[in-house]
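Here's a quick briefing to read with the structure open next to you. Take a look first, then work through the points below.

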Amino acid sequence: MESMNHGLGVDIAFLLLATLAVVTGWRVFRTDSMVRASFFLLVSFIAVGVIMILLAAEYLGVAMFFMMAVEMTVMALFMVMFMMNPAGLNPMNMVHQERIAIGAGVAGFLVLGAMALLATFPDQPVPAGLDPVRSLGNEMLGDSMLIFESAGLVLLTTMIGVVVLSSHRGRYGAAAEGSMPPGLEPGGDPAGKPEEDEAGEGGHHHHHHHH
Amino acid sequence: MFSELFLPVLMVIFMLVVGGYAVAVLDRLVASALGTPQAGGIWLAPMARGAWLLTQHANATEAPDWRAWRLAPALYLALAAGGLAVVPWSASLVATDLVTSVVLWGSVEALATVVIFLHGWSANSLLALIGGYRYVALGLSYILISMFVLIGVALPAESLQFTQVVASQEGLWNVIRQPLGLPLFLIVGLGMTFWGPLNLADSTDLAGGTASEISGPPRLVWDMARATMLVAFSGVAATAFLGGWLGPWLPGPLWMSLKMLAVLSVLLLLGRLLPRLAPERCVTLMWVVLLPLSFIDLVWAGIGALL
């Protein structure tokens, strides 16, 4: 075996963080709220990030913190918005299609466990003078620049697109004023609008009376 | 073992206590200088208030998320401690001299968004919830501005380490080299501690926002966390723009303390002088004016680093 160049503290920290990552990852599926699930997942990712720092990946580990913090916040809010569960405090079941999920989980665990036990991992100790931040920068802006720059441009375009789509000042006027579908013939009634009782439409010049 | 593990922890705890007290005293000094009379002695009033809060009942709402509600103030305090841990007091006196300390501070800002949202959400109360959502909407723009400004100071240092950022200001401080940087960063600081004009998460129009339902010890921790986050922020600002420990005659840590006090005083003065912004206007200001200004700051820094 290689001579250990880290102390007992690192081993203890690894075990505690790994336990935290697994337990909070499990809680994601056992809790009953979107917001709690998202932030349990965040804690799990943060534990993994600290493990990455222990593995001398100092940039990637710290980057995990801020990336996941923003990501999980946005995810939590979007889930609450789309699931019509106001504020996410209402209890709800976080699992569905349980039999398929259990099968996939067991299969995934067996495959990953077998890989961890049976694969022979490369034994390449990190050279003493390695600067992980600099080497990562050289990698991203060197040979792999085209991939990273294209991915970055696609993401930026998506972000601008989302902002434009969700902005309340759109091509058809301010969203706050309400939107009206166009009529089927020029100047006609808005298409697909259900007929309303008289009480509901005070200001309209056009009334239907059904007796 | 002692000097590696316990000394940095003691240093950060010392800074949390002294810094939190300093903010409370300075804010009262600023207020009385501006003509707002302060009840009690300026030096003793913060401690009296702390002791009073400690003996009060902790309020309970109907069916809150207890764990998140009680943890959120402590987590915000922990984030402030994390920020203070990477602030260097001299070339060697720094609790954690992480090579990616600038990125770690960015993570503190991002995780603060999570914690503030959680604080508002978990109370199961309307005004607290609105405060939490408000902070998320605004916090994203604070994080972006802060990120571009901090990349600007990392460029001349060619490093993501705060000690290197200070070393790169040996000839010229960043406050002069990148004139847009510090003003933009100060706005970020008021934003992420929701202080003064940018206090939109805990504002009076929401009857206290995310903190509207807390009292007693949790309120004490929350108030302390906000004050110490302001201290951590002024430490980062002094490091990134005011040359950190650099300065003639006096020893490094003393220079650093003076610069931090200066940044704190400016922030507290701004907090007392400026009126609170409307949240919608604040979002427009951030995205339409300040974010483009931070781009200009970054391009300025990039050209400066190339020349």
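Predicted model: local features only at pLDDT ≥ 70, side-chain atom pairs only at ≥ 80, totals over all residues.

**Chain A overall**
- Chain A has six helices and two strands in its secondary structure.
- Going along the sequence, the order is α-α-α-α-α-α-β-β.
- Chain A runs to 211 residues, and 16% of them are buried.
- Take the contacts in chain A between residues at least 6 apart in sequence: 51% of these link residues at least 24 apart.

**Where chain A meets chain B**
- Chain A puts 17 residues into the contact, and chain B puts in 20.
- On the chain A side, α2 and α3 each bring at least two residues.
- The top contributor on that side is α3(A), with 11 residues.
- By type, the chain A residues touching chain B come out as 15 nonpolar, one polar and one charged.

**Two alanines with positive phi**
- A:Ala56 isn't a glycine, yet its phi is positive, near 75°.
- You'll find A:Ala56 in the loop that runs between α2 (34-54) and α3 (58-82) of chain A.
- Over in chain B, B:Ala207 also isn't a glycine and has a positive phi, about 55°.
- B:Ala207 sits in a loop too, the one between α8 (181-192) and α9 (217-241) of chain B.
- B:Ala207 counts as partly exposed, because it has 15 C-beta neighbours inside 10 Å.

**A buried methionine in chain B**
- B:Met192 belongs to helix α8 of chain B.
- Why does B:Met192 count as buried? It has 28 C-beta neighbours inside 10 Å, and the cut-off for buried is 20 or more.
- Once you set aside neighbours within four places in sequence, B:Met192 is in contact with B:Glu109, B:Ala112, B:Tyr142 and B:Phe233.
- B:Met192 and B:Asp297 are 105 residues apart along the chain, and their C-alpha atoms are separated by 20 Å.

Methods
Residues numbered from 1 in each chain as written. Chains lettered and ligands numbered in written order. Helix = DSSP H or I, 4+ residues; strand = E, 2+ residues; numbered from the N terminus. Buried ≥ 20, exposed ≤ 12 C-beta atoms within 10 Å, placed from the backbone. Contact = placed C-beta atoms within 7 Å. Nonpolar A, V, L, I, M, F, W, Y, C, P; charged D, E, K, R; others polar.
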